[in-house]
Amino acid sequence: MAIENETTSSQALRIYRDLVEWYPLLTPVGDYAEEAALYRRMFEAHCQRPPRTLLDLGSGGGHNAAHLKKALACTLVDLEPAMLALSRRLNPECEHIQGDMRLVRFGRVFDCVLVHDAVSYMTSRTDLASAIATAFAHTVPGGVAIFQPDFVSETFKPGTETGGSDGNGRGLRYLEWRWVPDSKTDMYVTDMAYLLRDENGAVRVVHDRHFMGLFPRTMWLEVIATAGFEPLVVPFEHSLYSDTGHEVFLGLRPVAD
Ligand SMILES: C[S@@+](CC[C@H](N)C(=O)[O-])C[C@H]1O[C@@H](n2cnc3c(N)ncnc32)[C@H](O)[C@@H]1O
């Protein structure tokens, strides 16, 4: 079976585009408090100076930033204008910039760089290396970058999950189906089915496809080191995901390169 990476297809990435108003019901901001606290502790533990500034590459709805902005001045970057608009509503005090994490250069550095689940959209080693090079270019000497892919090859499990939530008279429920095409080893597909119930009780069903990268742990560490960081991998300690084997990759930028 041939499957192409159709990120321009009308059935791909819809939750970041025409369905963006439903995004907060897919993944509510309150669910990010524990995770954001974990990242904050990692930044504080590894940054060689008091961490004050954060660049979030692929910031989406700004749900991690909503918790981190109390401690860090946040600059949020995303490819999709609709996601930036959503995040601006939640985080009006943060700077928002439209851009591709593989390409952007702002000519300034930050104490902390977060490349959260959006890094999973890097579907080739070249794209991953470009995103990590962007993180390096924006990390101050002595600063820290965090990379949080949803999976590495060693932890990936095909399967399904369900969830969703209600708000403002509307409701969303989803089925998430992760699978690896026969022809591929370095990517997986996440097919999402959303049931969207509007304020009048009318329900529609929408399919949304996401192509995600899948790379071995050693490759992650190699690419992080090649960018110039000292690489480190630490467990993702979270009460809901403790048995998933999820890991966090850190890039520590040496004080002197
Ligand atoms: C699940 S959302 C991120 C949520 C975010 N971690 C948070 O805390 O709310 C994934 C985001 O990655 C963004 N994205 C995908 N590829 C990107 C790229 N090449 N550069 C920048 N953003 C990208 C999408 O537009 C989407 O908003």
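First point: the model is predicted. Keep that in mind throughout.

Overall shape. The protein has 6 helices and 11 strands. Its radius of gyration is 18 Å, close to the 18 Å that the globule rule gives for 257 residues, so the protein is as compact as a globular protein of that length. The C-alpha trace spans about 60 × 45 × 35 Å along its principal axes. Buried residues account for 33% of the 257. Now the contacts. Take those between residues at least 6 apart in sequence: 65% of them join residues at least 24 apart.

On to the core. The largest nonpolar core holds 44 residues. Which of them touch the most other members? Leu 57, Val 113, Val 115, Ala 131 and Ile 132. Several elements give two or more residues to this core, including helix 2 (33–46), strand 1 (53–57), strand 4 (110–115) and helix 5 (125–137). Helix 6 (217–227) is also one of them. Apart from this core lies another, of 11 residues, with Trp 22, Leu 25, Leu 86 and Leu 172 among them.

Look at Val 113 for a moment. Leaving aside neighbours within four places in sequence, Val 113 is in contact with Leu 55, Leu 57, Ala 135, His 138, Thr 139 and Ala 145.

Next, strand 1. Is it enclosed or open? 4 of its 5 residues are buried, so strand 1 is largely enclosed by the rest of the structure. Strand 1 pairs with strand 2 in the parallel sense, over 5 bridges. Strand 1 also pairs with strand 4, again parallel, over 3 bridges. Leu 54 shows both pairings. Its bridge partner in strand 2 is Cys 74. In strand 4, the partner of Leu 54 is Cys 112.

Now the ligand. How many residues surround it? There are 19, and the closest are Gly 60, His 63, Asn 64, His 116 and Ala 118. By type, the shell divides into 6 nonpolar, 8 polar and 5 charged residues.

Last, Val 140. It sits in strand 5, residues 139–147. Val 180 is 40 residues from Val 140 in sequence, and their C-alpha atoms are 37 Å apart in space.

That's the tour.

Definitions and conventions: Residues are numbered from 1 along each chain as its sequence is written. This is a predicted model: local features need pLDDT of at least 70, side-chain atom pairs count only at pLDDT 80 or more; totals for chains, interfaces and linings use all residues. A residue is near a molecule or strand if its C-beta atom, placed from the backbone, lies within 6 Å of it. Ala, Val, Leu, Ile, Met, Phe, Trp, Tyr, Cys and Pro count as nonpolar, Asp, Glu, Lys and Arg as charged, and the others, Gly among them, as polar. A nonpolar core is a set of buried Ala, Val, Leu, Ile, Met, Phe, Trp, Tyr and Cys residues joined through C-beta atoms within 7 Å. A residue is buried if 20 or more other C-beta atoms lie within 10 Å of its own, exposed if 12 or fewer, and partly exposed in between; C-beta atoms are placed from the backbone. Two residues are in contact if their C-beta atoms, placed from the backbone, lie within 7 Å. The radius of gyration is taken over C-alpha atoms; the globule rule is 2.2 Å times the number of residues to the power 0.38. Two strands pair if DSSP finds at least two bridges between them.
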